[in-house]
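Try each task before you read its solution.

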Amino acid sequence: MKLIEATLAKIKSRFLAYDSKINWIVFCFIFCFTIGAWLDINGLWCELPIMVAELPEGWRLPSILSASTQIAQIAPFTYLIGRRFAPKVFTYVNVIYVILSIGALSCFLLSFFWNKTAVIFSQKHSIGLIVLNFCLALLDGTSSVTFLPYIGTNFVKEYIIPNYIGESLAALIPSILALIQGLGQDPGCHNVTDPLTNKTSLEAIQIKPNFSVRLYFLFMFGLLCISTIAFTLLNFSPIAKRERKSAKISKRSRTVSEKSELEISPENAINSQTNLTSTDQQKPVASPVPVETNRREQVFLLTIIFWVSFLAYGTLPGLQSYSTLPYGNNIFNYAVNLSFVFLPFSIIFSIWSYEASVRQIAIEFCIVLAFTFYIIFLSISSPCPPFLGSWLGPFLTVFSWIITQMMYMRIRCLVAARLERFGTLTMVGQIFGGLIIFIVVNVRQH
């Protein structure tokens with residue numbers, strides 16, 4: 001009981017300390033703004049269980065979208081080059097407005113053109129979906145190098161927390177919405193008797209979600225409009241301007257200037273000298289010791305990050321349909337969306353153990369590799385994976401997808417506590433993974 005009370009008291013004191021440093025209205029502005037980071041791409045992937053059943057690419061669709069997403073990662077590099085040579089044009093504010101406005105427009109267009117096809121090289125392709133996915137990936141990839149730097153540059157470090165809350169909601173909201181949308185009965189065939197001829201024939205069972213794909217993307221469009229409004233308020237509202245670093249530094253400077261102009265009495269001078277002497281005699285306060293990593297450990301952790309990106313963001317997305325659809329569209333739906341639902345929990349678990357050793361990170365990586373290989377095995381054995389007629393097959397599939405996504409995110413967080421920069425390696429890993437799985441699935445037709 002005492003332990004619980006002490007823990008609650010500690011949480012309360014930390015909350016009060018945090019509360020004294022922020023403005024809660026600005027806090028809400030920031031997490032509403034950062035919801036726009038990857039919201040549209042996450043929302044598109046959450047709709048794949050419906051799209052795969054209706055579009056001509058079928059099971060190959062995730063690998064095609066994954067490849068187009070990885071090719072679009074050229075956008076962050078282009079932005080960084082532009083910021084280097086034309087900094088007045090490629091400002092954070094200008095680029096973020098482009099990201100949010102074109103992202104909202106793309107979601108609006110997706111609601112009407114996601115199922116539009118065109119014949120290319122004698123085959124039907126979902127040209128509307130692929131082109132708009134590429135546009136969204138260009139924008140969202142750039143958000144990774146603009147949203148957080150904008151907040152870090154303009155606001156105190158306490159406002160980084162609502163940034164991560166917003167990014168978590170960008171995955172959580174689309175997945176919950178897709179789960180509410182549902183799929184209805186799994187597609188298949190059933191017997192239908194013609195009342196006139198009394199003949200029985202097979203008729204396909206169509207997916208019947210609770211609301212349409214169009215309505216889903218219009219909801220994403222609305223959220224991105226809210227994100228744009230929140231960003232505008234962050235830039236122009238007086239309450240947000242007062243929370244900027246520049247405003248707080250200016251206020252602090254005025255306070256110091258006013259104090260220096262006050263006439264100091266002899267008594268105050270003696271007290272000041274006494275305080276200065278006592279301060280000099282105090283022992284220095286120990287600052288938090290950063291997690292140290294030697295050269296060998298750095299190389300090892302960078303290698304892990306490369307393979308995490310290669311597998312989690314490059315390879316596995318292209319195998320979603322092959323590993324889940326043999327068990328039914330609803331299993332595909334649960335695997336995709338429950339993985340997103342549990343992602344925020346993996347971030348929370350990482351916060352409590354951010355000082356994990358390199359050995360622990362390696363052990364967790366080996367564990368998640370086992371689940372990854374199981375998903376790859378399911379994809380290879382598709383359309384006849386193990387436990388096809390049992391509840392065990394669907395359960396293991398959904399569980400494996402949830403665990404892999406959670407653990408890969410957790411490993412990234414743990415490595416980030418030791419290494420400050422590995423963004424370029426992340427992009428390289430996911431680009432290679434996405435392109436390789438595209439070749440395997442689409443060119444070799446495996």
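**Exercise 1.** Is the crossing of helix 3 and helix 8 left-handed or right-handed?

Before starting, note that this is a predicted model, in which local features need pLDDT of at least 70, side-chain atom pairs count only at pLDDT 80 or more, and totals for chains, interfaces and linings use all residues. Residues are numbered from 1 along each chain as its sequence is written, and side-chain values use heavy atoms, with hydrogens and water left out.

*Solution.* 
- Step 1: Find helix 3 (residues 39-46) and helix 8 (residues 127-143), whose axes lie 9 Å apart at an angle of about 145°. Axes here are lines fitted to C-alpha atoms, for helices over the stretch in contact, with angles from 0 to 180 degrees between N-to-C directions. Helices are DSSP runs of H or I with at least four residues, strands are runs of E with at least two, and both are numbered from the N terminus.
- Step 2: The crossing of helix 3 and helix 8 is left-handed, a label used if the near helix is turned anticlockwise from the far one by less than a right angle (clockwise gives right-handed).
- Step 3: Helix 3 brings Asp 40, Ile 41, Leu 44 and Trp 45 to the contact, and helix 8 brings Leu 129, Asn 133, Leu 136, Ala 137 and Asp 140. Contact means heavy atoms within 4.5 Å.
- Step 4: Sorted by class, this contact has six nonpolar, one polar and two charged residues. Ala, Val, Leu, Ile, Met, Phe, Trp, Tyr, Cys and Pro count as nonpolar, Asp, Glu, Lys and Arg as charged, and the others, Gly among them, as polar.

**Exercise 2.** How many residues of helix 3 are buried?

*Solution.* Eight of the eight residues of helix 3 are buried. Buried means under 20% relative accessible area, exposed over 50%, and partly exposed in between (1.4 Å probe, protein chains only). Among them are Leu 39, Gly 43 and Cys 46. For the protein chain of 446 residues, 45% count as buried.

**Exercise 3.** Describe how helix 2 meets helix 11.

*Solution.* 
- Step 1: The axes of helix 2 (residues 24-34) and helix 11 (residues 213-236) come within 8 Å and cross at roughly 135°.
- Step 2: The two helices are therefore oblique to each other. Angles under 35 degrees count as roughly parallel, over 145 as roughly antiparallel, 65 to 115 as roughly perpendicular, and the rest as oblique.
- Step 3: Helix 2 passes helix 11 in a left-handed crossing.
- Step 4: Val 26, Phe 29, Ile 30, Cys 32 and Phe 33 of helix 2 meet Ser 227, Ala 230, Phe 231, Leu 233 and Leu 234 of helix 11. That makes nine nonpolar, one polar and no charged residues.

**Exercise 4.** Where is Gly 182 found, and which residues does Gly 182 touch?

*Solution.* Gly 182 sits in the loop between helix 10 (160-181) and strand 3 (188-193). Gly 182 counts as buried because its relative accessibility is 14%. Not counting residues up to four places away in sequence, Gly 182 touches Ile 50, Pro 209, Asn 210 and Asn 333.

**Exercise 5.** Is Ser 339 buried or exposed?

*Solution.* Look in helix 17 (residues 329-352), where Ser 339 has its place. With a relative accessible area of 4%, Ser 339 is buried. Its contacts, leaving aside neighbours within four places in sequence, are Tyr 334, Trp 401, Ile 402 and Gln 405.
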